[in-house]
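Hi,

Here is the structure I promised to pass on.

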Amino acid sequence: MTSYFNEMYQGTSVRAPYARLQDWMQAMPAELRQMKQAEAEALFRRIGITFAVYGEGGDPDRLIPFDMFPRVFSGTEWARLERGIKQRARALNAFLVDVYGRGEIVRAGRIPARLVYLNEAYEKAVAGFVPPKGVYSHIVGIDLVRTGPDEFFVLEDNCRTPSGVSYMLENREIMMRMFPDLFRENRIEPVDRYPEILRRTLASVAPQKCDREPTVVILTPGHFNSAYYEHSFLADLMGVELVEGQDLFVEGEFVFMRTTEGPRRVDVIYRRIDDAFIDPLCFRPDSMLGVPGLMDVYRSGGVSICSAPGAGVADDKAVYTYVPDMIRFYLGEEPILQNVPTWQCGKAEDLKYVLAHLNELVVKEVHGSGGYGMLVGPKATQDQVELFRARITANPGNYIAQPTLALSTTPTFVAEGIAPRHVDLRPYCLVGERIELVPGGLTRVALTEGSLVVNSSQGGGVKDTWVLAE
Amino acid sequence: MLLTVDHKTRYFYDQPVRGVVQSHRLMPSVFEGQRMRRWKVSVSDGQMGGGFRDGAGDWVQGWTVLGPVSEITVHVSGEIETTDLAGVLRGHKEIVPSECYLRFTRPTEADAGLVALADGVNPASDALAAAHELSARVSQAIAYTPGATDAHTTAAEALAKGEGVCQDHAHALIAVARHLGLPARYVSGYLLVGHDGAPHEAAHAWAEVHIAGLGWVGFDPANRCCPDDRYIRLGSGLDSGNAAMIRGIARSQGEESLDVSVTVAQVQTQSQTQQ
């Protein structure tokens, strides 16, 4: 029987960061709790924050379940996480500049050339280009899990356009509205500076040809996109325009947006569209979402694109294995946050081990996301295991495997009362002229008893995440 | 050899368009085999956009045309001195690693037919000889037949048909080379059409294969040779779409038609006339 680290209780004693929540929790009768839960749901509905679940059908406006029990870090715990996250964000960006430049890490034999240059996410079109301030990934979402008091592991890096930050902000907003006393009694670091820091970060990477206060926009694929709410939410909070591809056009050396007062030059585009769709002249010619000619303007220094096209090669699940090496190679430092040990099925020896231990491992597709195309060995039926055995054998390079981690739990409100449920954490590190991290992130919780899958698309919920001021 | 180029591409729109955006690869590559004397690209009513040298060494130039227009002309005219380097792309500056050109794309996918075509060729001992052999096999297997294929035909389809044009030859050679682990790419450019009756068009395409120790080497299966001083190299890519000389989009609902004329001629210089 695996034991799990409970972030609130050590045996019968309460861990320090959760001390005040003990009284709060005990003072709340079941009826009040149900009332508050209904209130929270009504608030989320009114704000309009919903999440469309990919490929599952059903109600696209389904709410992500919100759990009112906060997840808490002490200032000391957070300080270490912050150092580790920033270290990783620096190394990932150094890697991107390198592999689109001289490729020193490949020449030094620290990472196989094929893994980088044959990667689908490697964009030949940007080789030789160094984006402003040497930043490819401006918003790095690093998924972390905890297995003990000081044991944190990085599950994956998200270097393109990690979503979910609107939940971090909304969860806090709602908690503050519903439980103002909690925020008076606890010294909780604020997260509401995030939109302003994001705006500043984006403005700090204005292109070479920009000689004025840069105009920043968010480029969305449109309202049918599952994260559209987040796009418009962030645009509102930053005070920038939310645009679709058809609102932008290239003329001469620059990109413009159509406005009621005529065309206005755009300097920085925070795009929430995949590389393949941003410019039909450079990438997929059938894309209707992008801006024709955008890449020529970008490469000639007329506009900045965040994240920079090509950033995805750093967050590939096979490249992930090499991030600790990147930290050593580029920064000359030892990694503060550990990787989860990973077997690459593309390697013969690893494949043999994985096939022999499928019942114990978590198997993921190299390019998969959202918890799809994933096998959780200990929870899987024999049929599922055999299905994956066949898939892996047919295309080993497409799979990696990791041990089933004993994810920490935090108390969570469930039908029967309060019970431990497994959680992870996605903080959002901002990289521009400076590297910044607001104290907090998105905690996802697996609401089903015993489940280790926290993805919102697979029945996960969210919690407010507190960092206590020291 | 001193060559002149006159290349006009005319786009006709059945309804006036609100605007046109294009991305060009129309400047000669910079390497030891080519020395540009003069070169000019113009776009009727066009505004020159951003330009840059990309990681593969090509000059990419953006253009925009503000409508309404019913017709635009892209005109390339220039004069260039070429030297025969037996296909070797010597002195060409680029940063894209050759491994990038092992990636298959839709037109260069190696199906069973292409795999069979490469059967028995082993690049391990002598990659250059292997590339020559592959090029010869492609020439043999796909007869030059204008009109037999179109712009979207894949290497596999052209091979199955046994007919094609230079684009199909290049795709087929790329497919078999990559299949054997040799990086290969598509090159677009111009060709001085000889008086030997070969009906090949002056806007031409061929392939380059990366040979360890030698670098990129051109092969033209359509003409059963390696590029020499009759060839003018402009740009490269993973396949014809990726290496296109002109990519563009018109903001309109209507139909577009195209008229292309290319003339490549040799300038008789003093020294040559004395020979």
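What follows is a short tour of aromatic rings, helix packing and some backbone details.

First, some housekeeping: this is a predicted model, in which local features need pLDDT of at least 70 and side-chain atom pairs count only at pLDDT 80 or more, while totals for chains, interfaces and linings use all residues. Residues are numbered from 1 along each chain as its sequence is written, chains are lettered from A and ligands numbered from 1 in the order in which they are written, and side-chain values use heavy atoms, with hydrogens and water left out.

Let's begin with the rings. A pair of aromatic rings is described by the distance of the centres and the angle of the planes. Rings of Phe, Tyr and Trp (its six-membered ring) pair if their centres lie within 6.5 Å; planes under 30 degrees apart count as stacked, over 60 as edge-to-face and the rest as tilted. Over all chains, that rule gives 21 aromatic pairs. Take Phe69(A) and Phe413(A): the ring centres are 5.6 Å apart and the planes are at 55 degrees, so this pair is tilted. It links distant parts of the chain, with Phe69(A) in strand S3 (residues 66–73) of chain A and Phe413(A) in strand S18 (residues 409–414) of chain A, 344 residues apart. (Helices, H or I with at least four residues, and strands, E with at least two, are DSSP runs numbered from the N terminus.) Phe69(A) and Phe413(A) are both buried; buried means under 20% relative accessible area, exposed over 50% and partly exposed in between, with a 1.4 Å probe and protein chains only. Together with Trp24(A) and Phe179(A), these two residues form one aromatic cluster.

Another pair to look at is Tyr194(A) with Tyr428(A), which is edge-to-face at 6.4 Å centre to centre and 70 degrees between the planes. This pair also links distant parts of the chain: Tyr194(A) is in helix H8 (residues 194–203) of chain A and Tyr428(A) in strand S20 (residues 428–431) of chain A, 234 residues apart. Both tyrosines, Tyr194(A) and Tyr428(A), are buried.

Charges turn up over rings too (NZ of Lys or CZ of Arg within 6 Å of the ring centre and within 35 degrees of the ring normal). Arg265(A) lies over the face of Phe254(A), 3.9 Å from the ring centre. In chain B, the charged end of Arg185(B) sits over the ring of Tyr101(B), 5.1 Å from its centre.

Contact here means heavy atoms within 4.5 Å. H8(A) and helix H9 (residues 228–238) of chain A pack at an angle of about 85 degrees, with their axes 9 Å apart. Axes are lines fitted to C-alpha atoms, for helices over the stretch in contact, and angles run from 0 to 180 degrees between N-to-C directions. H8(A) and H9(A) are therefore roughly perpendicular to each other (angles under 35 degrees count as roughly parallel, over 145 as roughly antiparallel, 65 to 115 as roughly perpendicular and the rest as oblique).

In chain B, helix H2 (residues 127–141) and helix H4 (residues 166–179) pack at about 135 degrees, with axes 9 Å apart, so H2(B) and H4(B) are oblique to each other. Their crossing is right-handed (left-handed if the near helix is turned anticlockwise from the far one by less than a right angle, right-handed if clockwise). Among the residues that meet there are Leu134(B) and Val138(B) in H2(B), and Leu173(B) and Val176(B) in H4(B).

Last, the backbone. Most residues other than glycine have a negative phi, and most peptide bonds are trans. Where are the exceptions? A cis peptide bond joins Cys306(A) and Ser307(A), with omega about -10 degrees. Cys306(A) is in strand S12 (residues 304–306) of chain A, and is buried, with a relative accessible area of 0%. Leaving aside neighbours within four places in sequence, Cys306(A) has contacts that include His138(A), Leu202(A) and Arg271(A). Another cis peptide bond joins Gly67(B) and Pro68(B), where omega is about 0 degrees; Pro68(B) lies in strand S4 (residues 59–82) of chain B.

As for phi, Lys133(A) has a positive value near 65 degrees and, at 48% relative accessibility, counts as partly exposed. Arg224(B) has a positive phi of about 50 degrees although it is not a glycine, and counts as exposed at 58% relative accessibility.

Cheers
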